Amino acid sequence: MAHRNSDNPNVQIRNRSESTSHLADQGTGFFQWGRDLGGTDSNHKFTEHEKDLLAQYQSADYLPPYSCAYKEWLRQQPARLDWDKWLMMGIIGFVVGITGFLMHQTIGVIADLKWDRAYEYVKERNFGMAWVWLALIGIGFAIISSLLVVLFHLPAGGSGMPELIGFLNGTLIRNVFGIKTAVIKFLSCVCAVGSGLPVGPEGPMIHLGALIGGGLSQAKSSILNCILPIFGRFRNPEDERNFISAGAGAGVSAAFGAPVGGLLFTMEEVSSFWSLKHGWMTFFCCMTSTFTTDLFNSAFQGFRYTGDFGAFKSRKYILFEVKKEISLNILAFIPSLIIGMIGGLLGALFTFLNLKIARSRRRLVGRFKSTWVKNLIRVSEVTLIMTLTATMSILLPGGFGCTPYQCQNVNTTANVYQGPLCRRGDQYKIHTENEVVGYTCPVGITKNVSSQVYFTNQTYNQGYWAWMDPGAFALVGAASFFGGVSRLTMALAVIMMEITNDIQFLLLVMVAILSAKVLGDYITHPLYHALLEMKCIPFLDNELSLHDEHHNILNLEFYTAGDVMTKKPKCVYERESVAKLARLLQETKHGGFPVIRKDAVSGRDVFVGMMSRDELEVLLAVGDSVFEDQFGNNAHEIGILRYNMIPYINRSVTSIQMSFSLRRTYILFRTMGMRHLPIVDEVNRVVGILTRKDLMGFSIEEHIHGDDYGHDHMRTPTGKRSGDLELNEFHRRA
């Protein structure tokens with residue numbers, strides 16, 4: 001299998017995608033179904049340029065290659081019965097928690113610096129100076145945030161969620177996991193959020209957690225040019241991805257103060273491979289992260305020690321605490337269902353507009369060849385957005401009238417309620433949080449009245465209709481919109497409960513989230529999955545759905561692996577000549593090669609395992625230690641040199657026959673986290689091979705339907721077209 005990239009594939013991908021990104025959408029309509037519009041049961045339609053970008057990515061196996069060399073490496077590793085994995089999970093959780101604490105405190109310092117002075121100007125009715133101050137401070141930090149990314153490390157921009165999901169799904173994405181990415185992302189995120197840009201730290205915090213998980217567990221850095229002599233047994237694909245996914249969950253926990261939500265988020269959205277044992281470890285990591293963040297936040301405010309170290313006050317670690325519960329009513333499910341549908345519709349609209357703006361921005365930047373012009377455009381757009389944000393922050397509060405305010409002190413034994421009762425107008429009670437600042441409105445008047453007035457004014461949401469509370473349904477609406485964008489269900493419901501401490505409205509929140517997901521799935525893909533498609537990162541979803549030209553669902557059980565495989569892959573023998581291997585690596589870009597040998601009885605070439613391109617390149621670099629001449633002797637004698645690859649062959653590669661069900665092929669490939677899946681005939685001869693790009697929805701549709709998409713959609717394997725040079729070229733990669 002091959003990938004169309006150079007020795008440093010991601011550099012080429014980045015440069016090419018930036019310089020030719022304006023070509024990606026050529027020939028597509030604004031509302032074309034299958035592009036930015038299209039439900040989850042439809043496959044994304046890639047342009048030819050996007051297919052070329054897809055082909056440049058390599059993929060990786062979830063499990064390390066099982067060879068004699070691997071078993072020898074395992075024998076050298078100490079047996080610790082997994083206590084070191086639990087230790088590493090605790091270390092990752094602690095470091096992620098400290099990172100979350102530092103981020104929240106730093107953002108708070110910048111926000112206080114900006115808003116305290118601005119509020120003083122507003123109280124003096126000096127709105128001009130308030131705008132100047134907000135604009136200068138906001139634009140300054142926003143420019144710093146932008147310059148850190150565009151000048152030092154572009155992959156550190158954005159949330160990093162699509163790249164994280166793609167990597168854990170099995171796609172190699174370099175330059176987004178490293179200490180440089182972590183430092184730039186932290187500093188940029190702090191400046192961006194503190195400046196007042198309409199962004200939050202949650203997405204970057206998840207990515208930072210994943211970076212910390214990967215960095216600490218591997219204990220090495222190419223930038224620092226060091227490899228620590230500890231945790232060496234974690235340097236394999238399986239452990240690396242497990243620690244990265246646990247770090248992502250710890251990032252959610254530190255950002256929201258929701259350890260169970262972090263665990264469920266990792267399981268539902270981030271990880272493609274899951275086990276019960278890994279779930280226990282991730283839960284421990286998330287718990288440690290939340291505990292660490294809350295512990296330090298309990299005693300510090302703006303890096304100033306306030307005492308009460310270890311006192312977990314509710315207003316400190318519950319972001320949106322609900323202090324007074326409201327009785328639930330069966331009628332509340334009706335507006336919750338409607339709110340959920342509205343949230344799903346708005347979430348799908350948000351996703352659609354987000355993709356359109358991102359594509360337009362990418363086309364605009366891609367039209368310029370000069371790097372400094374591109375960087376100037378990126379910084380200028382941040383400056384413009386920050387200027388608009390500062391302007392609206394000053395003008396919008398003053399553009400609306402002040403709500404009449406009075407606080408009635410009721411002292412009566414005839415009612416359960418005792419204490420101040422604050423009302424707005426003559427409709428219903430309203431509680432104003434202490435953090436809410438009335439910038440342009442004067443302080444209200446407090447009055448003492450009798451209990452008769454108290455009962456007279458309680459006519460809107462008391463008694464049977466008490467459930468009609470605007471604050472409670474604001475919570476339902478927030479959950480529905482979040483669900484409409486992300487399509488999360490379990491994780492989102494738990495996170496909403498953990499950040500509000502309100503279990504009373506859990507059922508309403510669940511109804512809203514499910515209705516938002518169902519409606520949103522009919523219109524667009526989830527936001528992060530749509531961004532994966534826009535960035536042309538190969539991704540295998542949980543389920544595969546195919547349709548014919550009449551939009552009828554096709555049953556994949558009627559198709560086989562032979563229908564979509566790449567035929568006649570390049571194979572190598574267990575002992576292969578140096579000249580042939582060198583020519584093979586030079587003339588092809590295949591990412592892996594099936595290994596065969598002559599059967600002693602039948603004389604056929606039978607399948608025995610796989611060798612990746614990287615492994616062959618390493619063997620070439622090693623030299624004569626693996627050379628043999630044509631007589632099997634050491635390579636110091638003159639002869640036809642060849643490699644003895646037997647100790648390095650991956651002999652645990654799964655292979656299937658051509659007649660294997662396509663649906664089960666997809667499940668097997670994704671569940672096992674494969675890079676290659678060789679196809680053999682009844683006598684174990686290699687007749688084809690599959691990679692993750694072969695099993696992407698659009699690729700399967702091309703194989704099944706052919707170029708004339710929609711015609712002959714139920715074509716049998718014997719009627720399938722062959723010899724398509726363009727498809728064969730596209731699918732020979734890894």
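Mentor: The chain exposes about 35100 Å², with carbon and sulfur atoms supplying 62% of that area. Such areas come from the Shrake-Rupley method with a 1.4 Å probe, and for residues only the protein chains shown count as cover. The model is predicted, so local features need pLDDT of at least 70 and side-chain atom pairs count only at pLDDT 80 or more, while totals for chains, interfaces and linings use all residues. Residues are numbered from 1 along each chain as its sequence is written, and side-chain values use heavy atoms, with hydrogens and water left out.

The chain's average pLDDT (the predictor's confidence in each residue, from 0 to 100) is 81, and 79% of the residues score at least 70. Residues 1–17 have a pLDDT below 50, and this stretch has 59 contacts in the model beyond near neighbours in sequence. Residues 634–639 also have a pLDDT below 50, with 9 contacts beyond near neighbours in sequence. A contact means heavy atoms within 4.5 Å. Among contacts between residues at least 6 apart in sequence, 73% join residues at least 24 apart.

The chain has 24 helices and 18 strands. These are DSSP runs numbered from the N terminus, with helices (H or I) of at least four residues and strands (E) of at least two. Of the 734 residues, 49% count as buried. Buried means under 20% relative accessible area, exposed means over 50%, and partly exposed lies in between (1.4 Å probe, protein chains only).

The part to look at is helix α13, which spans residues 333–366. The unreviewed UniProt entry lists residues 330–355 as one of its "transmembrane region" stretches. UniProt positions are given in the numbering used here, feature names are shortened, and annotations may be inferred rather than shown by experiment.

One side of the story is a nonpolar surface patch. Ile334, Ile338, Ile342, Leu346, Leu349, Phe350, Leu353, Ile357 and Phe481 form this patch, with about 810 Å² of accessible area together. Patches are made of residues with over 30% relative accessible area and no salt bridge; like charges are joined within 9 Å, and nonpolar side chains (Val, Leu, Ile, Met, Phe, Trp, Tyr) within 5 Å. Helix α13 gives the most to the nonpolar patch, with 8 residues. An α-helix has 3.6 residues a turn, so residues three or four places apart point the same way.

Leu346 is in helix α13, and it counts as partly exposed because its relative accessibility is 41%. Its C-alpha atom is separated by 9.7 Å from that of Phe482, 136 residues away along the chain. Leu353 is also placed in α13, and its relative accessibility of 40% makes it partly exposed.

Side chains of opposite charge can pair when their charged atoms come close. A salt bridge here is a side-chain nitrogen of Lys or Arg within 4 Å of a carboxyl oxygen of Asp or Glu, and the whole structure has 24 of them. In one of these, Asp36 pairs with Lys356, with the closest N and O atoms 3.2 Å apart. Asp36 sits in the loop between α1 (9–20) and α2 (48–54) and Lys356 in α13, so the pair links parts of the chain 320 residues apart. Asp36 counts as buried because its relative accessible area is 4%, and Lys356, at 13%, is buried too.

A further salt bridge joins Glu50 and Arg359, at 3.4 Å from N to O. Glu50 belongs to helix α2 and Arg359 to α13, and these two are 309 residues apart. Both Glu50 and Arg359 are buried. These pairs belong to one network of salt bridges that links Arg35, Asp36, Glu50, Lys356 and Arg359.

Helix α19 (residues 527–534) is mostly covered, with 8 of its 8 residues buried. Among its buried residues are Leu527, Tyr528, Leu531 and Met534. Just after α19, Cys536 takes a positive phi of about 60°.
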